[in-house]
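Please look over the sequence and structure shown here. A briefing by topic comes after them.

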Amino acid sequence: MMAAQTITQIAVGEVVAKAEQAQRDGYRLVQIGCTKIGDDFEIIYVYDKDFVLLNYRITVKQDTVVPSISGAYFGAFVYENEIHDLYGITVSGINIDFKGTFYRTAIKHPFSVTITKEGDA
Amino acid sequence: MSKQITVPFGPQHPVLPEPLHLDLVLEDETVVDVVPTIGYVHRGLEKLVEKREYTEYVFIAERICGICSFIHSQTYVQGIEQIMGLEIPERAQYLRTIWGEYSRLHSHLLWLGLFADGMGFESVFMNAWRLREHILDDLEATTGGRVILGVCKVGGVRKDITPEKLDEMLRGLKAMERELQDLTNVFLHDNSVSHRLKGLGVLKKEDAYQLGAVGPTARGSGLAIDIRSTGYGAFDRINFRPVVEQDGDCYARCAVRARELFTSIDIIEQCIKKIPDGPVDMKVTGAPDGEYFSRTEQPRGEVIHYIKGNGKKNLVRHRVRTPTFTNIPPLVTLLKGVELADVPVVVLTIDPCIGCAER
C-alpha cells in the first residue's frame with residue numbers, strides 16, 4: 001500500500017498565502033482540481049516536495065470569486081482557466097486569462113451539472 | 001525595437017500530430033512571447049464516472065490516451081485499490097510493471113520516429129518504428145491488444161504470461177537492445193542533430209521545477225522527478241535510478257528518452273527474473289468510499305488520477321492531470337528566444353500528447 005494522504009481544509013482567503021508559503025518551502029505545484037459536491041464545489045490545490053503531497057481544499061459556491069495563485073506559480077493558469085471553463089467558477093487575477101475560451105465546449109460549464117445514470121441533468 | 005507580429009502555429013501543422021495552437025509573437029525571426037491554446041478536442045471523459053460503474057470505468061480510463069493507455073488504466077485501478085484497501089497479488093504487480101515499461105518503450109520509439117521525421121532524419125524514423133513493431137507484437141501476444149490492452153482490472157490483471165513467453169520476451173528485448181544501441185548512437189552522435197539541438201530551447205532547472213515540468217522535460221533539466229521512485233507496482237522491488245541530464249536543452253530531453261529505452265529493458269528483465277508464481281487477480285466486493293491521488297510515471301511524466309467515491313458504484317469524481325497538461329507552462333517559457341524555424345523541433349522535444357491532455 002502507498003502512503004496515506006491528507007487534505008487540509010482552508011478558507012478561500014488563505015489560498016494565496018498557502019501557495020506563497022508552499023513556494024517558499026520548495027514545493028512544486030502538481031495540480032488544481034475541482035469537484036462538484038451537491039450545490040458546492042471543492043477545489044483542491046496539490047503541491048509536492050520529494051514525492052510527499054501537500055493538499056489544501058476549499059469549498060465554494062459557483063458565484064464565489066477565487067483568487068489566482070498564478071502570482072506564486074506561473075503554471076497555475078492552465079488549471080484556473082480549466083476550472084472556470086468547466087465549472088463556471090470565476091478565478092480573479094490569472095496571469096494568462098483566456099476569459100472562457102480555454103476549452104471550447106458545446107455546453108457552457110459542462111461540469112457544473114451532475115448527470116444521473118439515466119441521463120437526466 | 002523591431003515591429004512585433006503574431007504567427008499562428010497549429011492546431012494543424014505538418015510536424016504536429018496533435019491539435020495544439022500557439023500564438024507566436026515574433027520580433028524579426030525570434031519568438032518573444034507565446035500564448036498556448038488547447039481545447040479543440042476536449043472530450044469530457046471524466047464526466048462519464050456519473051454513468052459508468054467504477055469497475056466499468058477502467059475501460060474509459062484506458063482510452064484517455066492511445067499511447068500510454070495501459071498506464072492510465074493502471075493508475076486508475078491503483079487509486080481504486082488504495083481507497084478500498086486491496087492488496088493485489090504480487091504477480092499482478094509485476095505484470096503491470098512489465099506492461100507499463102513495454103508501453104514506455106512503445107511510446108519513446110514512437111516519439112523518436114516522429115522527432116527524427118520532423119528533423120528530416122528518415123532512416124532513424126523508419127528504424128525506430130520498425131523496432132517498435134516488435135514491442136507491439138509482444139503486447140499483442142500477451143494481451144490481445146496492440147494499443148488498448150484491456151488487461152488491467154480492479155483487483156489485479158485479466159491475463160497471465162507463461163514462463164516460456166516471458167523468456168521469449170526477454171530474448172527478444174536483449175536482441176533489440178543491440179539494435180537500439182546502434183540507433184540511439186547514430187541519432188545522438190550525429191553532427192547535424194547535435195548542432196541543431198544543443199543549446200536550443202533551454203529550460204533551466206529552477207524554472208522547470210517552478211513551472212511544474214515533469215517527465216523527460218524535467219529530467220532533461222536536471223530534476224530527478226520520476227514517480228517510479230515512489231515504488232508503486234513492483235518498483236519497490238526493482239533496482240532503478242531515474243535518467244537525468246543537466247543541460248536543459250532539446251538535446252538533453254532527447255538523450256533522456258534515448259537512455260530510458262535501456263532503463264525500461266533493464267526493469268523488464270529484473271521483473272521477469274523476480275516475478276513470483278501465484279494468482280493474478282482477487283475477488284473484489286463493495287465500492288470505494290474515500291478519495292486518493294494515484295500517481296504513476298507515464299512516458300511523458302507524472303500522471304495523477306484523483307478518485308473520489310462515496311461507497312456507491314458510481315464515483316463522485318475522477319480527475320486526471322496528464323503530463324502534457326502540466327508541461328504546457330514550461331513549453332511557453334522554453335520557446336521564448338528561439339527562432340521561428342526551430343519552434344516545431346522545440347515543441348516535439350516535450351513530446352506533447354494533446355489527446356491525453358484533452359481527456
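This is a predicted model: local features need pLDDT of at least 70, side-chain atom pairs count only at pLDDT 80 or more; totals for chains, interfaces and linings use all residues.

Residues are numbered from 1 along each chain as its sequence is written, while chains are lettered from A and ligands numbered from 1 in the order in which they are written.

**Confidence**
- The predictor assigns the complex an ipTM of 0.87 and a pTM of 0.91.
- The average pLDDT of chain B is 91, and 100% of its residues score at least 70; pLDDT is the predictor's confidence in each residue, from 0 to 100.

**Sheet in chain B**
- Three strands of chain B form an open sheet in the order β6-β7-β8, with antiparallel pairing. Strands (E, at least two residues) and helices (H or I, at least four) are DSSP runs, numbered from the N terminus, and two strands pair if DSSP finds at least two bridges between them.
- β6 and β8 of chain B are the edge strands, each pairing on one side only.
- From one strand to the next, the twist averages 10 degrees.
- β7(B) and β8(B) run antiparallel and are joined by five bridges; B:Tyr306 stands opposite B:Arg319 in β8(B).
- α10(B) packs on the sheet and touches β6, β7 and β8 of chain B, its direction making about 130 degrees with that of β7(B). Axes are lines fitted to C-alpha atoms, for helices over the stretch in contact, and angles run from 0 to 180 degrees between N-to-C directions.
- Helix α2 (residues 69-84) of chain B lies across β6 and β7 of chain B, at about 150 degrees to β6(B).

**Contact between the chains**
- In chain B, 31 residues are in contact with 25 residues of chain A, a contact being two C-beta atoms, placed from the backbone, within 7 Å.
- α10(B) gives the most to the side of chain B that touches chain A, with four residues.

**Nonpolar core**
- The largest nonpolar core has 138 residues, and those touching the most other members are A:Ile43, A:Ile83, B:Leu95, B:Ala116, B:Leu335 and B:Val343. Such a core is a set of buried Ala, Val, Leu, Ile, Met, Phe, Trp, Tyr and Cys residues joined through C-beta atoms within 7 Å; buried means that 20 or more other C-beta atoms lie within 10 Å of the residue's own.
- Beyond its neighbours within four places in sequence, B:Ala116 is in contact with B:Phe121, B:Val124, B:Phe125, B:Ala128 and B:Phe187.

Terms used
A residue is buried if 20 or more other C-beta atoms lie within 10 Å of its own, exposed if 12 or fewer, and partly exposed in between; C-beta atoms are placed from the backbone.
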